Amino acid sequence: MRLLAAAVLLVLGVVASPAQAAGAAGGTTDRTTDRTTGSGAVAADTIEAHYKVAGPWAVATADAPGVRLYYPANLGEGGFKHPIITWGNGTNAVPTQYSGVLNQLASWGFAVVASTDTTTGTGSEMIAAAQYLIDRNADSSSVFHDKLDVTRVGAVGHSQGAGGSVNTATKSGGLIDTVVPIALPAPIWVSSGDAFSVSRLTCPVLFLSGANDVIISPNSAIQTYYGQVPGAAAKALLKGADHNTVQGTGGGFLGYLTAWLMYRLQDDAYARGAFAGATPEINTNASWQNQAEKNLP
C-alpha cells in the first residue's frame, strides 16, 4: 500500500521501550488465564488492565533473513505450544518501531515473526514470514522445533501492514485464524497492487484505529469495513490516538490487542469477556468509542 506523500509525512520516528521482564520469582506459573502479578497480588479488575502489561513469559529476540523474531525465551515450557503471529509494518517502517507491541505479544506466549520489508501491503511478505516459522517448527535443528502450534496463526499489522494482514488471511488458503488490522487505511490511500477485500475474510477480525486518525483511517472507513465482513468481527477506536500511536510502546492499544489474540488463539475465557458475552467490557470502557461486535463465538 503506497500511501500518498501527505500521509507518509504523518509517520513520526518513535523510540520503542524495551519489553518488561516477565515471570519474576514468586509469580504465576500459569501461562494462560491466571490473573496474578509477578508478586502474587491480584491484578487490576479489568480485562484491559490485565493484558496491557507484560505477560508471564520472558522474551527473546533474533534476526533471520528478511524477518525479526520475538518469542518466549523458554519455548515449550510445560509442553506449551506457541501460536504464531505474523506482523506487517506500516509504510517505510520496520519492526523495531513496533517493539512495544511485538515484545508484549511474545510475553503472552506468542511466537511473533515480523517481516523487515517496509512495504507489506500485498500480504506476500507476511505469508512468507509465517511460513518461515512453520518450517522452523519442523526443523530438528531449530530452537522452535516442535514448540509451535502451527494450526493457530494470527495476522496483525499497522497501516499498510493492516491491509497486508487482510491480504494474508484471504490469500493464504486458510492459514490464518484471526486478523487484527490496526489503522486500516481508507480506500483512497490504497494502491491497486495492495488492494484488499474484507468481504472475503472467513476468520474473526478485530478492527482497531485511533479516534484522532481522521485522515488515513477514519471511523467512517472502519465502519464500512466492519459492515462488509460477512462473519465474526469487532471494532473500536482508541480515544486520543492518532495514526502512529501503536508505534513505540504500543500506547493504549496493548490491552485489547493482547486480549483478542489470547481469546482467539489461546482459548482464554477471561479475555473473551472483553468482546463477547452479555456486556463486552470494551463497550463500557470510556477510553474507547465506536465499539461494535457481531457473530463472535
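# Close-up views of a predicted protein chain

**Figure 1. A first look at the whole chain.** Of the 297 residues in the protein chain, buried residues make up 56%. Please keep in mind that this is a predicted model. The chain has eight helices and nine strands. Among its contacts with a separation of 6 or more, 75% are between residues 24 or more positions apart. The protein chain exposes about 11100 Å², and carbon and sulfur atoms supply 53% of that area.

**Figure 2. Helix α3 and its surroundings.** Helix α3 covers residues 99–107. How many of the residues of α3 are buried? Nine of its nine residues are, so the helix is mostly covered, with buried meaning under 20% relative accessible area. They can be found one by one in the view: Ser99, Gly100, Val101, Leu102, Asn103, Gln104, Leu105, Ala106 and Ser107. Two helices, α2 (47–51) and α7, are among the elements against which these buried residues pack. The strands β1 (59–64), β2 (67–72), β3 and β4 (111–115) are packing partners of the buried α3 residues too. Just after α3 comes Gly109, with a positive phi of about 95°.

**Figure 3. Where helix α3 meets helix α7.** Two packed helices are described by the angle between their axes and the distance between the axes. Here the axes of α3 and α7 (residues 254–265) come within 11 Å and cross at roughly 40°. The crossing of α3 past α7 is right-handed. On the α3 side, the contact is made by Gly100, Val101, Gln104 and Leu105. On the α7 side, Leu254, Leu257, Thr258 and Leu261 take part. Sorted by class, the contact of α3 with α7 has five nonpolar, three polar and no charged residues.

Figure 4. Gly100 lies in helix α3. With a relative accessible area of 12%, Gly100 is buried, because buried means under 20%. Along the chain, Gly100 and Leu254 are 154 residues apart, while their C-alpha atoms are separated by 8.3 Å. Ala54 belongs to the loop between α2 and β1. Its relative accessibility of 21% makes Ala54 count as partly exposed. Ala54 and Leu254 are 200 residues apart in sequence, and the distance in space is 9.5 Å, C-alpha to C-alpha.

Figure 5. Look for Pro95 in the loop between β3 (82–88) and α3. Is Pro95 buried or exposed? At 3% relative accessibility, Pro95 counts as buried. Leaving aside residues up to four places away in sequence, Pro95 touches Arg68, Tyr70, Asn89, Leu102, Ala114, Ser115 and Thr116. One of these, Leu102, is a buried residue of α3. Pro95 and Ala114 are 19 residues apart in sequence, and their C-alpha atoms are 6.2 Å apart in space.

**Figure 6. Thr168 inside helix α5.** Helix α5 spans residues 160–171, and Thr168 is found within it. Thr168 has a relative accessible area of 0% and is therefore buried. Which residues does Thr168 touch, not counting those up to four places away in sequence? They are Thr86, Gly123, Met126, Ile127, Ala155 and Ile176.

Figure 7. Most residues other than glycine have a negative phi, and most peptide bonds are trans. Asp267 is not a glycine, and yet it has a positive phi of about 55°. Where does Asp267 lie? Asp267 is in the loop between α7 and α8 (269–272). Its relative accessibility of 54% means that Asp267 counts as exposed. Asn290, not a glycine either, has a positive phi of about 55°. Asn290 is found in strand β9, which covers residues 288–294. A relative accessible area of 28% makes Asn290 partly exposed.

Definitions and conventions
Residues are numbered from 1 along each chain as its sequence is written. This is a predicted model: local features need pLDDT of at least 70, side-chain atom pairs count only at pLDDT 80 or more; totals for chains, interfaces and linings use all residues. Side-chain values use heavy atoms; hydrogens and water are left out. Helices (H or I, at least four residues) and strands (E, at least two) are DSSP runs, numbered from the N terminus. Buried means under 20% relative accessible area, exposed over 50%, partly exposed in between (1.4 Å probe, protein chains only). Contact means heavy atoms within 4.5 Å. Accessible areas come from the Shrake-Rupley method with a 1.4 Å probe; for residues, only the protein chains shown count as cover. Axes are lines fitted to C-alpha atoms, for helices over the stretch in contact, and angles run from 0 to 180 degrees between N-to-C directions. A crossing is left-handed if the near helix is turned anticlockwise from the far one by less than a right angle, and right-handed if clockwise. Ala, Val, Leu, Ile, Met, Phe, Trp, Tyr, Cys and Pro count as nonpolar, Asp, Glu, Lys and Arg as charged, and the others, Gly among them, as polar.
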